[in-house]
Amino acid sequence: LEGKIVIDSCNVIGRIDDRIYGGFVEHMGRCVYGGIYEPDHPLANGSGFRVDVLSYVQQLQIPLIRYPGGNFVSGFRWEDSVGRPEDRPVRIDLAWKSIEPNRVGLHEFTQWAGEAGSRVMMAVNLGTRGAAEAADLLEYCNVPGGTQLSELRKSHGQHEPYHYKVWCLGNEMDGPWQICNKTAAEYGLLARETGKAMKRLDPSIELVACGSSGSYLPTYPEWDATVLDLAYAHTDYLSVHAYINDKNSDLPNYLAQSLQFEAYIQSLVSVCDYIKAKHRSRKTMYLSVDEWNVEPFNWLNNDGVDQPVVGPALCEGNFSLADAVVFGTMIIALLKKSDRVKIACLAQLVNVFGPIMTEKRGIAWRQTTYYPFLHASLYGRGTAVHVHVSSPKVDTTDFTDVPLVESVAVAHDDGGLTVFAVNRSVDRALELELDLRGYAPFTSLRRIELTGQQPDTYNAASSPDAVIPREQTTGLQSDLSPTVRLAPLSWNVIRFT
Ligand code: AHR
């Protein structure tokens, strides 16, 4: 045996908020136009949405979808996206220099999200706009009636309020790329005053303040401390954005990067707690990791499109097996931090870094990353349990003592237990003992494994099933210490019932 995973029922991390299996749909690239919405596709429903894409999204059981941006929101005029679609203006979107036809707007997206089984996490524009427009949008969406904008919503055919509960106060306002990028003090004040106004209008909402867009920015973590210092009392979550890629083509180092992701989350928890102490506050600030993903090894970042068009291909690429394994370590990191991470949104759902890809008038297919997300969403609900892993360790370019095995467990309310585990080694299978302490004997063990011969294998329209999970069920004779073999470069789900 090359190691051990000890799962002790006393080592509870906390109750997992289902919203950590959230998604993100932005008016960017081919996520909306040419992704979820393609009215001239043979599989489009009466509203122009592709039912093949919708079905893949439904299977993921996503509780919450962030919308409409991303960078897009910093130029978003919400009035353009309501009313009769044929009356809406066509504009140039300032974030992605694309044509925005406004054919999909608040109403259409909310309907689509409802069909997908999801609620909408809405965002207000704190780039080109401010507190007044944010309050207006909230009035339009959440006030039942009797005011100008709630009555306008009714006149648009939506009698019931949308009751959007979670709202982002802008997006990545620390980024020099953001339209109307701000200093931390400017943004902190704006977030505070906007939050104050919005909560006066609807005290039931929850607000997300923009945290750092990445630990690589020179303003991190001072940005987060300054923003929270100003806006702590009026906000509920601090956002975290993280994208991991293999830009140096250094696979072992890429495979270790979730360690940095975990440390990044932990440092922001510390910043939140520092401000909590400074303010003598009784409120705990939670994290909303509302953009996270790996970036595919061959992604196309053509954000300098010359001629603005509707739905240009932006940030598209093929996720390899290695990408899926790194993605799995990010999911494990989110679960390990689920006492403080209450919302997380996979960025994005379709085409733009998407686990779901589409061909124009052609098929939709699932990337390698679709599967770890699916498994986590289906089997990762309940109470997160810390596991103690002893496995061989390696050094990589940026990290020392990297454990080859990454793991976390989830105890389910029905008494079952799921262990998620990744073997980071590119060439070593690992035979591990699972030591289950404090759990009643289980009778069956079901395994799901995503692996393959080559790290760079990926699914494509021409080979949509090149990397798919394999499942296996075995009986257990009250064995409290079964052994499992983790294949090299593999994502594993081990389910005890
Ligand atoms: O998800 C793509 C983009 O990445 C988002 O618009 C932005 O918030 C981030 O920089």
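**View 1. Helix α3 passes helix α4 in a right-handed crossing.** In this predicted model, the axes of α3 and helix α4 (residues 148-155) come within 7 Å and cross at roughly 50 degrees. The two helices are therefore oblique to each other. To find the place where they touch, look for D136, E139 and Y140 on α3 and for L149, S150, L152 and R153 on α4. Sorted by class, this contact of α3 with α4 has three nonpolar, one polar and three charged residues.

**View 2. Helix α3 also packs against helix α5, again in a right-handed crossing.** Here α3 (residues 131-142) meets α5 (residues 184-201), with axes that come within 9 Å and cross at roughly 25 degrees. Angles under 35 degrees count as roughly parallel, so that is how α3 runs relative to α5. On the α3 side, the contact is made by A131, A134, A135, L138 and E139. On the α5 side, you can pick out E193, T194, A197, M198 and L201. Seven nonpolar residues take part in this contact of α3 with α5, together with one polar and two charged residues.

**View 3. Helices α6 and α8 make a right-handed crossing.** Helix α6 (residues 222-231) packs against helix α8 (residues 258-278) at an angle of about 35 degrees, and their axes are 9 Å apart. From α6, the residues in the contact are D224, A225, L228 and D229. Their partners on α8 are L268, V271, C272, Y274 and I275. What classes of residue make up the contact of α6 with α8? There are seven nonpolar residues, no polar ones and two charged ones.

**View 4. Ten names to look for: the residues around the ligand are E26, M28, G69, G70, N71, N171, E172, E291, A347 and Q348.** By class, this shell has two nonpolar, five polar and three charged residues. Two pairs in the shell deserve a second look, as the next view shows.

**View 5. Cis peptide bonds join G69 to G70 and A347 to Q348.** Most peptide bonds are trans. For the bond between G69 and G70, omega is about 20 degrees, and G70 is found in the loop between β3 (64-67) and β4 (91-93). For the bond between A347 and Q348, omega is about -5 degrees. Q348 lies in the loop between β11 (341-347) and β12 (356-358).

**View 6. N102 has a positive phi, near 60 degrees, although it is not a glycine.** Most residues other than glycine have a negative phi.

**View 7. The chain is divided into domain 1 (3-10 + 385-496) and domain 2 (17-381).** Their C-alpha centres lie 30 Å apart. The contact takes 34 residues from domain 1 and 35 residues from domain 2. Which elements give two or more residues to the side of domain 1 that touches domain 2? They are the strands β17 (405-411), β18 (417-423), β20 (444-450) and β23 (490-496). The residues on this side of domain 1 divide into 20 nonpolar, nine polar and five charged.

How values were computed: Residues numbered from 1 in each chain as written. Predicted model: local features only at pLDDT ≥ 70, side-chain atom pairs only at ≥ 80, totals over all residues. Axes fitted to C-alpha atoms, helices over the stretch in contact; angles between N-to-C directions. Helix = DSSP H or I, 4+ residues; strand = E, 2+ residues; numbered from the N terminus. Parallel < 35°, antiparallel > 145°, perpendicular 65-115°, else oblique. Left-handed = near helix turned anticlockwise from the far one by under 90°. Contact = placed C-beta atoms within 7 Å. Nonpolar A, V, L, I, M, F, W, Y, C, P; charged D, E, K, R; others polar. Domains from an automatic or database assignment. Near = placed C-beta within 6 Å.
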